[in-house]
Protein chains: 4
Amino acid sequence: MSHNSFGHLFRVTTWGESHGPALGCVVDGCPPGIPLTAADIQAFLDRRKPGQSRFVTQRREPDEVEILSGVFEDDRTGGPVTTGTPISLMIRNVDQRSKDYGDIRDTYRPGHADLGYDLKYSVRDYRGGGRSSARETAARVAAGAIARKILPGVTIRGALVQVGRERIDRAAWDWDEVDRNPFFCPDAGAARRFEAHLDAIRKAGSSVGAVIEVVAEGVPAGWGAPIYGKLDQDIASAFMSINAVKAVEIGAGMAAAELTGEENADEMRMGNDGTILFGSNNAGGILGGISSGQPVVARFAVKPTSSILTDRRSVSSAGADVDVRTKGRHDPCVGIRAVPVGEAMMAIVLADHLLRHRAQTGRDGPVAFPLR
Amino acid sequence: MSHNSFGHLFRVTTWGESHGPALGCVVDGCPPGIPLTAADIQAFLDRRKPGQSRFVTQRREPDEVEILSGVFEDDRTGGPVTTGTPISLMIRNVDQRSKDYGDIRDTYRPGHADLGYDLKYSVRDYRGGGRSSARETAARVAAGAIARKILPGVTIRGALVQVGRERIDRAAWDWDEVDRNPFFCPDAGAARRFEAHLDAIRKAGSSVGAVIEVVAEGVPAGWGAPIYGKLDQDIASAFMSINAVKAVEIGAGMAAAELTGEENADEMRMGNDGTILFGSNNAGGILGGISSGQPVVARFAVKPTSSILTDRRSVSSAGADVDVRTKGRHDPCVGIRAVPVGEAMMAIVLADHLLRHRAQTGRDGPVAFPLR
Amino acid sequence: MSHNSFGHLFRVTTWGESHGPALGCVVDGCPPGIPLTAADIQAFLDRRKPGQSRFVTQRREPDEVEILSGVFEDDRTGGPVTTGTPISLMIRNVDQRSKDYGDIRDTYRPGHADLGYDLKYSVRDYRGGGRSSARETAARVAAGAIARKILPGVTIRGALVQVGRERIDRAAWDWDEVDRNPFFCPDAGAARRFEAHLDAIRKAGSSVGAVIEVVAEGVPAGWGAPIYGKLDQDIASAFMSINAVKAVEIGAGMAAAELTGEENADEMRMGNDGTILFGSNNAGGILGGISSGQPVVARFAVKPTSSILTDRRSVSSAGADVDVRTKGRHDPCVGIRAVPVGEAMMAIVLADHLLRHRAQTGRDGPVAFPLR
Amino acid sequence: MSHNSFGHLFRVTTWGESHGPALGCVVDGCPPGIPLTAADIQAFLDRRKPGQSRFVTQRREPDEVEILSGVFEDDRTGGPVTTGTPISLMIRNVDQRSKDYGDIRDTYRPGHADLGYDLKYSVRDYRGGGRSSARETAARVAAGAIARKILPGVTIRGALVQVGRERIDRAAWDWDEVDRNPFFCPDAGAARRFEAHLDAIRKAGSSVGAVIEVVAEGVPAGWGAPIYGKLDQDIASAFMSINAVKAVEIGAGMAAAELTGEENADEMRMGNDGTILFGSNNAGGILGGISSGQPVVARFAVKPTSSILTDRRSVSSAGADVDVRTKGRHDPCVGIRAVPVGEAMMAIVLADHLLRHRAQTGRDGPVAFPLR
């Protein structure tokens, strides 16, 4: 058991606080022989990096990753490959303005983890949220970059599909659009609405929630396991472990409650090449905890950050009533930078399930038709 | 790692198929000295038992539990108590009509786990869904009954709050009402609407989804852990592991995406007795993965069962197109019997976190104010 | 974490007390499609069964195993095969003479687990040792029989190589001899010496220790992992978990301390067929935690049972000095029946490592020469 | 599951190679509020540090530890304390002479892990043994220093009790002597014999095995658990995970095989203060997997390092016969520096079991007499 590890066979252990000297993770169980350089990881860290637009925190962190173990030159290619031993990654914290946080040492921001930490542990690194800061997600993104490497043929992409009450038009979904706006929004029209809405929020010193959707295409049928090794169960666990997440949906999600059996079940026909053609994807690519071969589709809702410029009623460590206003540099919509984090967690879950599937069946994918 | 275990320190391993000789579970890590009889467990199994109304499956299973290990007479009371060793529980399957299922041996019901199992394992017990049957949840309810025993002061109750598009009126919520209708519905008016709706669904040979809410009152502040040992993460994992669940919400859930920071954060004031009074509970009692002392509130959405009396397009194990209609005895709304299952999973998660909290802090609850 | 599970990917959870209604185990993670009947398991249980000679306990237990889940008829063969779901095994206890044990309810037999259980849990099932009884090892042997099934090409055999100060002559080792005497002794001459020694011990109401050696031939190179996933580490853990074991050796074992580097390192030459020929096997087939392709050789020492007919000084639950003499039916040399238990634990460890190796490398064995 | 973690509730994950940029570990689950500085850890690292006498490797590594996370200033004392979050420790590698190792890139030193790594992973960092180097044990010693901090009242000490065929005189045991000679030898006379023997070994370019004994005094009765959570099982696992270890003994160890029941069982009498007085300690302080209150006594045998200056017959990665002689700087007796490593592993096991005991019983120690 570990409070700071995720995954079983592809196992990630993260460490570090927002204003400590560094943060990082250890990735254990990665297969050997996978080409891996710091640049491979950096590309994904750069997508999550703070300070890239006016809609995210202005903290300036280069988030440069250092690989401390687990890779070595390959005899055949000369390039670095994984060796099957633990991969240790470290990212130094650079732009800490810890003095911003003296105020919250003894007053608890409503909606934040501060109070719970103090009630549990009686001591906490309060600077920038300490261990509860979303800076920890940099380690997830780094580990996710490695996870992607062992998932050839699987494409994992995330998108921001809702900000406050503004939703995308699903008919306008264009994956190429995601990289053209600062919101990872797949709908150009919605991106403009997001921008207007977030400018207003930002100027008001307020914040707002969001919904992120992550889609994994190319996942073969058969990954996952019944009962307590369900693929969707691990996705739910992975997404709910991300800071500020309050809900997780697979496929039709909450809306499944409104469907009838006729509407819900995704009908099937055989394709020409032995694959199955589905008429819909309410299941989100997972049935009975096992992938069906359809795209895996999952969403999570992120609450608005509780770091806002308005006074809120709260209590102090002394047990007195106080009013709290949060200074510091924060994201008006933490959901934006949660997009690459959601992708990373999906990659970690899938990498873990690939190895688990391989262990029990000796295969990477499903058996072929005829099945008997 | 286990595909069939849940929990870390309070650990439940379940086994059994729908039409095998029996099903059961092993509960490991239960503290010693807890009074426990089969009757204690039976009371909860009876709430989940099939055949109790026309709205659930007509399979007749007494679901009588046998305790095979882990309890012994207490010297002080003479009554049976847990000994700290594994508690093995068994429930014999009685009313199996396996012949109902010959048809689905080689044809896959859309929306069911059948196909995934065959693609993964190449063999499956198809009778009644085999391992993927919701009969497995009887073992969860039995384990949950034990979990409740080590949670003195915690009250865990579930309710059906939505069936199809019919929702309860939250202003009419009355916990006493839950046991007065066959739906575990806390709103008498909604129960009548559920009844009318489900009668129509049942007669049409159809099915419909639902939403279950589980509330745990009396959970002390401080349970849970940061990052990957989050209390809400484990609730999400627990609920998503239940058959047919497609979404999990904590507190405000998906609606948190629509809130602003001002609306979302639950304000606090000190109460007279050193406890904290909260102005709202959007957090669902959990902040940063740790309980706040407020009621823990979580929901999950259950899809409609895919066992319906209408032909659906599907494929066979031979790789041919077929049309499938599901015979057998099924629940028109599997969400009803999911209520005691949701309660059980909440109890198991909380019992596990009580032991984890105790291990790391040496306490069962939070430190007292002043915190420093 | 579990106090009652062993293994990671091939995971065995046992339950049951010596004088409870039954004992058993759940085997999780077994690959699907493995032919398995109760008779396959029974063959191994019969080797461990009590009452087979005058040198073991006279308790009469048929130890008949019932498979409760996890197997189903295979379409191709019609015979039962594993389905990839948890295999639940149960053995009813039949010949309980619990009244023999009233005396030890409140007095602690020196050298037994009784006192520790009471100091820890404050309650225990004292009948026949309860959970600490070696009857639990029946579940291990049953699980081991399944583990052997997924290890084609691997031969696991155990032998009793020492009883008290009587040792076998290694030059006389004959595996066929093991089944010809009641001691699993591979040396016919030593078997006669064991018999004379044990008859004397038995008549004196005494007991004596023993050493068991387990050899696994056919283990491919490459199983195991560096650091904390070492194959020898897991064998040490497995053997030390067996009742009454006080020491574990791999290869040269304790004697390795006396060797020089020249004597110890097993020299290698290439064989004709791409395999490696070793000049010796001080390593016991494991180097750096990974199998070398040589036979895996391990031993464990079992202490004499503390159930003897001589008064021993002890204490009572009341905290008073008492003298204790153990009635009941016991093994004068528990090491004899530990032979099939040791084999079973070796099989479970190897099955687990096969699956772990497969997960990380996608292979069941080593890469072939040339290695680069 | 992890290949590179040890412990459950006090969980250590190590990473790093001998000639990589650094090595380190993450300690997860440490209780909050424990005073901890780098100096606390450094004191133990300095005992294990290479280059301290002519009897160990001449590699010059300062082994300076850096604490990267998990501690913060305490409000009450101002000094750094643990916060309950993961503690990340890093030690930079400084004195790497990687060119010494070019020869072993493609030839396998008999008795070393090289070949197994290549057969399993097909790639390895061969420099100085890479991940299989005993440099990894620096991370263990660092983690062990933290483990000691949560074990107040427990004294853990190790000693070298045998080098080759030279054994200490147990009657001459003096713990103070351990720090007065370069061998951690508790017997001044034996230390002189060790010195003479090792000088001869060193000059011959040879190496020799050793036996280390670790004693933990002050362990309360009740730690450990039956069956697969046994305290001695975890000690066996911990010790066997150390490089070059081939055997583990608890209490009487292998010699228990020679004892009769009368000789073996440690008799008990009540002491004046409610504690138990034992007449002997063949059990090594552990009965039925649970501590008895006596000192926990365990030993392990270390084989001679296979890095010797004599040609040995071996094979190459090309599959050809070669002769190998190992250059580089090595320990003539790796058992010497294994003493602090053994202590550290004992501390980690005990810390883990303290937390496990606390979780299940809510206490740190046993119940008091009268037990019922």
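Colleague: Let's start with Phe194(A): is this residue buried or exposed?

Modeller: Buried, as its relative accessibility is 0%. The cut-offs are under 20% relative accessible area for buried, over 50% for exposed and partly exposed in between, with a 1.4 Å probe on protein chains only. This is a predicted model, where local features need pLDDT of at least 70, side-chain atom pairs need 80 or more, and totals for chains, interfaces and linings use all residues. Residues count from 1 along each chain as written, chains are lettered from A and ligands numbered from 1 in written order, and side-chain values use heavy atoms, without hydrogens or water.

Colleague: How do I read ring pairs, and how many aromatic pairs are there over all chains?

Modeller: You describe a pair by the distance of the centres and the angle of the planes. Phe, Tyr and Trp (six-membered ring) pair with centres within 6.5 Å; planes under 30 degrees apart are stacked, over 60 edge-to-face, the rest tilted. That gives 28 pairs over all chains. Among them, Phe55(A) and Phe183(A) are tilted, at 4.8 Å and 50°. They sit 128 residues apart, so to speak linking distant parts of the chain. Phe55(A) is buried at 2%, and Phe183(A) at 1%.

Colleague: What kind of pair do Phe183(A) and Phe194(A) form?

Modeller: Edge-to-face, because the centres are 6.2 Å apart and the planes at 85°. Ring pairs join Phe55(A), Phe183(A) and Phe194(A) into a cluster.

Notes
Helix = DSSP H or I, 4+ residues; strand = E, 2+ residues; numbered from the N terminus.
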